[in-house]
Amino acid sequence: MDRLTSLRVFREVVESGSFVAAAERLSMSPPMASKHVAQLEKSLGARLLHRSSRHLSLTEAGQAWYQQSGRALDLIDAAEAAIGSKNEAPRGQLRVSAPVWCATPRFADVLAGFRARYPEVLVDMHLENRKVDLAADGYDLALRATQEPSPALIARPLCKLQFHLVATPACIARSGLPASPADLAKLDAIVPSYVNLEGFALKGPGGRQAPLRLQPVMKSDDTNLTLHAVRAGIGLSFLPEWLVDDDLAQGRLLRLVPDYAVPPVTLFAVYTSRQYMAPKLRSFIDFVSAQLGGAQAPPP
């Protein structure tokens with residue numbers, strides 16, 4: 001009798017709670033399912049299940065075998081899925097959560113490139129400055145900028161990202177150019193309501209550190225609105241380079257205390273599990289990583 005099939009039958013019996021349900025799931029007869037478990041017990045020399053007319057329960061040996069054999073089956077299933085996915089074209093809808101500041105020409109170009117290479121994948125982008133629950137909210141993937149990704153998720157680094165303290169020349173003229181990090185509190189500030197800036201430190205020459213202290217006159221949970229408010233001269237803010245590089249290059253915005261900066265954060269692709277990773281998800285992560293991280297794009 002096939003040992004691998006017996007392992008799968010045993011797991012289905014435990015998880016479904018009956019031989020009849022397990023047999024139905026595996027498209028075999030209940031007597032055959034019972035025979036597989038009996039053969040497994042015989043080969044192990046131990047009873048795995050307590051059986052009665054109405055109830056099944058694991059013995060101590062059965063509990064240990066269920067846990068250990070389950071891990072082995074997961075590894076086998078993952079290997080089979082990985083091999084099978086290489087021959088399967090990426091297709092279907094991919095739900096992605098990303099920060100609002102991904103709404104930039106640069107990221108749109110990445111999406112356009114992905115669309116050209118994988119036309120059968122429908123990317124469903126949701127831009128929001130909150131940490132979504134991937135499983136509960138039905139997302140395949142989230143892009144998150146952080147220095148410490150959640151240990152409960154699989155996190156693949158995509159690229160480094162720098163944030164800048166910026167303001168318009170007119171805003172700076174009202175209060176004067178800050179000479180040091182301590183002078184930043186003299187300017188009006190627009191701060192993100194989704195990030196706690198307390199504890200942020202600016203790193204300067206020689207490794208010197210200075211606390212980031214701002215005087216908020218406005219809060220916002222939308223990074224693009226914050227950028228428009230900065231451009232309108234309301235105050236300074238702390239914004240990602242993707243949003244402000246063009247304004248800095250054209251002189252519409254100026255960097256404040258440029259000798260000091262917050263250490264760059266990493267943009268991660270986070271997802272729930274490496275097992276049964278769909279081709280649409282794998283191809284998207286590989287492509288975005290290559291485009292943003294500067295690596296060679298994987299072949300289609």
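This is a predicted model: local features need pLDDT of at least 70, side-chain atom pairs count only at pLDDT 80 or more; totals for chains, interfaces and linings use all residues.
An α-helix has 3.6 residues a turn, so residues three or four places apart point the same way.

The sheet considered here is open and is formed by 5 strands in the order E4-E3-E5-E14-E6, with mixed pairing. Its edges are strand E4 (121-127) and strand E6, each of which pairs on one side only. Averaged over the sheet and with direction ignored, neighbouring strands are turned by 25 degrees against each other. Helix H10 (residues 279-293) packs on this sheet, where it touches E3, E4, E5, E6 and E14, and the direction of H10 makes about 25 degrees with that of E6. Helix H5 (residues 105-117), in turn, lies across E4 and E5 and runs at about 160 degrees to E4.

Strands of a sheet pair through backbone hydrogen bonds, either parallel or antiparallel. Both senses are represented in the present case, as the pairing of the sheet is mixed. The parallel sense is found between E3 and E5, which pair over 2 bridges, and Ser-97 has Ala-142 of E5 as its bridge partner. By contrast, strand E5 (residues 141-146) runs antiparallel to E14, to which it is joined by 5 bridges. Along this pairing, Arg-144 stands opposite Phe-268 of E14, while Leu-143 has Ala-269 of E14 as its bridge partner. Strand E6 (residues 154-161) is likewise antiparallel to E14, with 7 bridges joining the two; Ile-154 of this pairing stands opposite Tyr-271, and Ala-155 stands opposite Val-270.

The burial of strand E14 was examined next. Because 7 of the 7 residues of E14 (residues 265-271) are buried, this strand is largely enclosed by the rest of the structure. In a regular strand the side chains alternate between the two faces of the sheet. For E14, cover is found on both faces, with Val-265, Leu-267, Ala-269 and Tyr-271 buried on one side and Thr-266, Phe-268 and Val-270 buried on the other. Strand E5 is mostly covered as well, 5 of its 6 residues being buried.

Leu-94 is located in strand E3. Its relative accessibility is 0%, and Leu-94 therefore counts as buried. When neighbours within four places in sequence are left aside, the contacts of Leu-94 comprise Val-121, Leu-122, Val-123 and Asp-124, together with Asp-140 and with Lys-280, Leu-281 and Phe-284. Leu-236, on the other hand, lies 142 residues from Leu-94 in sequence and 36 Å from it in space, taken from C-alpha to C-alpha.

Rolling a probe the size of a water molecule over the atoms shows where empty space is left. Across the whole structure, 1 cavity of 30 Å³ or more is found, and the volume of the largest cavity is about 60 Å³. The lining of the largest cavity consists of Phe-163, His-164, Leu-165, Leu-202, Phe-238, Arg-255, Leu-256, Tyr-260, Ala-261 and Val-262. Strand E7 (residues 163-167) gives the most to this lining, contributing 3 residues. By class, the lining of the largest cavity comprises 8 nonpolar residues, 1 polar residue and 1 charged residue.

The largest pocket has a volume of about 860 Å³. Its lining is made up of 37 residues, among which Ala-145, Thr-146, Phe-163, Tyr-194 and Val-195 lie nearest the centre of the pocket. Two or more residues of this lining are given by each of the following elements: strand E3 (92-98), E5, helix H8 (223-231) and strand E12 (236-240). In terms of residue class, 20 nonpolar, 11 polar and 6 charged residues line the largest pocket.

Definitions and conventions: Residues are numbered from 1 along each chain as its sequence is written. Side-chain values use heavy atoms; hydrogens and water are left out. Buried means under 20% relative accessible area, exposed over 50%, partly exposed in between (1.4 Å probe, protein chains only). Helices (H or I, at least four residues) and strands (E, at least two) are DSSP runs, numbered from the N terminus. Two strands pair if DSSP finds at least two bridges between them. On a 1 Å grid over the protein atoms alone, a cavity is a set of points where a 1.4 Å probe fits but cannot get out, and a pocket is an open set with protein on both sides within 12 Å along at least five of seven lines; lining residues have an atom within 4 Å of a point. Grid points are joined across faces, edges and corners, and a volume is the space filled by probe spheres set on the points. Ala, Val, Leu, Ile, Met, Phe, Trp, Tyr, Cys and Pro count as nonpolar, Asp, Glu, Lys and Arg as charged, and the others, Gly among them, as polar. Contact means heavy atoms within 4.5 Å. Axes are lines fitted to C-alpha atoms, for helices over the stretch in contact, and angles run from 0 to 180 degrees between N-to-C directions.
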